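Here are some questions and answers for a reader who has not seen this structure before. Each answer sets a value against the definition behind it.

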Amino acid sequence: MDEQITHEEAIRRLRTDMKTSSVATPFATALKIAFQSLRIRFWRSIITIAGIFFAIAFLVSVLNSAVVELAVNPDEGSQVSGTGIRFILTLLAAEPRQAWLVTMSLIVCVIGIANAMLMSVTERYKEIGTMKCLGALDIFVIELFLLESGFQGLVGSFAGALIGAGLVLVSALVKHGFAVMGILPWSQMVINILLATVIGLLLTLLGASFPAYRASQMPPADAMRTEV
Amino acid sequence: MASTQENTVRARAVRKRFPMGEGYLEALKGIDLEIKRGEYISIMGPSGSGKTTLFNMIGGLDKPSDGTVYIDEVDIAQLDAYELAWLRCRKIGYIFQTFNLIPVMTALENVTLPMIFAGLSNDEAISKGRGLLETVGLGERWQHKPTELSGGQQQRVAIARSFANDPSIILADEPTANLDLKTGHDIIELLRKLNKEMGVTIISNTHDPSMLNVSDRIIWIRDGRVDRIEARSDIDINVGTIGGDVLGGVGSADSHGGAAGKHAMDRLTGEATNGGQ
């Protein structure tokens, strides 16, 4: 028998090799792949974005309707005050009917967005498995999907927030006439738009991170075997 | 005694169980293998014999339930996620039955992706990628997306991609199964050429009898066990007739030559067993 190298020696050699050469997580490449995926699956992305869009439009319209309502009929004893998150919290605490609507709209956001993200990741398990075979690190896979979904979340939420707020404004004009423009708390409405956009983005990232993490942890063989 | 080459892949009592219904399906029932550097190995066996499971085990794509797989004498079960990624990136190239190109990327981008993971600069990766596409005969089509390429061309891109980081092992899972006979032959020729020129070890799962002609050794798997291992020198005498049979059979059997191939394979099996131990 010729002398076989021991396992310890083999591992030591391999780890020495690893010190001189690494595996990269190229951000520019992840960005490029993410955008190409969005472009190629254009209609698929549009549907995902639409899901986010409607959820956030609903949320903003509920919030800004409450703002308009308060501005038009200032209620002396109202507990609703502040802006942004404080506004949402006091609204939830003070008005049962509004609380119900806000809660509903948040649930619609979470479920709709999580579902869209779950689909868009699971339908690409095979691609993920292949990338892992080519040497992609787990973090690269997660990065790829967070970039992709983050972009969808940002576009969908911001557009949804703008349109939702726009509709509230139109309905306020129709209901109360042009004079209402003078008494509306504009900054509060803009803050709600931004807040809803951030909520939409965070929910999208949250919804994508669970399936993306799970996919990145799968042995490549399992990922490639999965048929959706 | 005959060979003092190092083993590049070694499997010891590898078992794999999959949960199925209430119990388990044992896909591999204790596989022992030794594959030397630079060999061209074919793993043959009927569908469901555990070939693909074995392929996943020796490629570090899945973990055995029991037993050990060594790649360059390293027990891959002891590597962490980063080390496994490093191994897949630099030591092993994979070729799949379904090509598995990334659909949103061009041929060139598919080939350069592993190089980018390995930290090559964009320019280096592009020039090396163009070279590899040239080698597999697709120098002109580097800008095409996978959907714009035929099956054979996609598999060529996949082969170029598997060679991206000068791996020491190429694992090919039924590389010709989704291709017509002629294209399949071209792919096998290409793999053999690269095996000879670059000295890379090729381990290929296959049903395809024309793979026999180029293999140094054939490992027959049956029911999750190694049925027998044949060196090409044992079967060399038969190769001429088999090749003739298979190719001759194609003309008459219109599409696949599957029946002719199977016949030839059965005959080979019989003769090799008689002639062997």
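Q: What makes the residues of strand S7 of chain B count as buried, and which way do they point?
A: In this predicted model, Ile169(B), Leu171(B) and Asp173(B) point one way from S7(B), while Ile170(B) and Ala172(B) point the other way. Strands here are DSSP runs of E with at least two residues, and helices are runs of H or I with at least four, numbered from the N terminus.

Q: Why is S7(B) called largely enclosed?
A: Five of the five residues of this strand, 169–173, are buried, so S7(B) is largely enclosed by the rest of the structure.

Q: How do you know that S7(B) pairs with strand S8 of chain B?
A: Pairing requires that DSSP finds at least two bridges between the strands. S7(B) and S8(B) (residues 201–206) have five, in the parallel sense, with Ala172(B) opposite Ser204(B). Strand S6 (residues 92–95) of chain B also pairs with S7(B) in the parallel sense, over four bridges, and there Gly93(B) stands opposite Ile170(B).

Q: What makes the unit of S7(B), helix H6 of chain B and S8(B) right-handed?
A: A crossover is right-handed if, with the strands pointing away from the viewer, the path from the first strand over the helix to the second runs clockwise. S7(B), H6(B) (residues 181–198) and S8(B) make a right-handed β-α-β unit.

Q: Why is helix H6 of chain A called largely enclosed?
A: Eight of the nine residues of H6(A), 125–133, are buried, so the rest of the structure largely encloses this helix. Among the buried ones are Tyr125(A), Ile128(A) and Cys133(A). Their cover includes H2 and S6 of chain B.

Q: How do you know which residues of chain B touch chain A?
A: Two residues are in contact if their C-beta atoms, placed from the backbone, lie within 7 Å. In this sense 29 residues of chain B are in contact with 31 residues of chain A. The largest share of that side of chain B, eight residues, comes from H2(B).

A note on conventions: residues are numbered from 1 along each chain as its sequence is written, and chains are lettered from A and ligands numbered from 1 in the order in which they are written. In this predicted model local features need pLDDT of at least 70, side-chain atom pairs count only at pLDDT 80 or more, and totals for chains, interfaces and linings use all residues.

Definitions and conventions:
A residue is buried if 20 or more other C-beta atoms lie within 10 Å of its own, exposed if 12 or fewer, and partly exposed in between; C-beta atoms are placed from the backbone.
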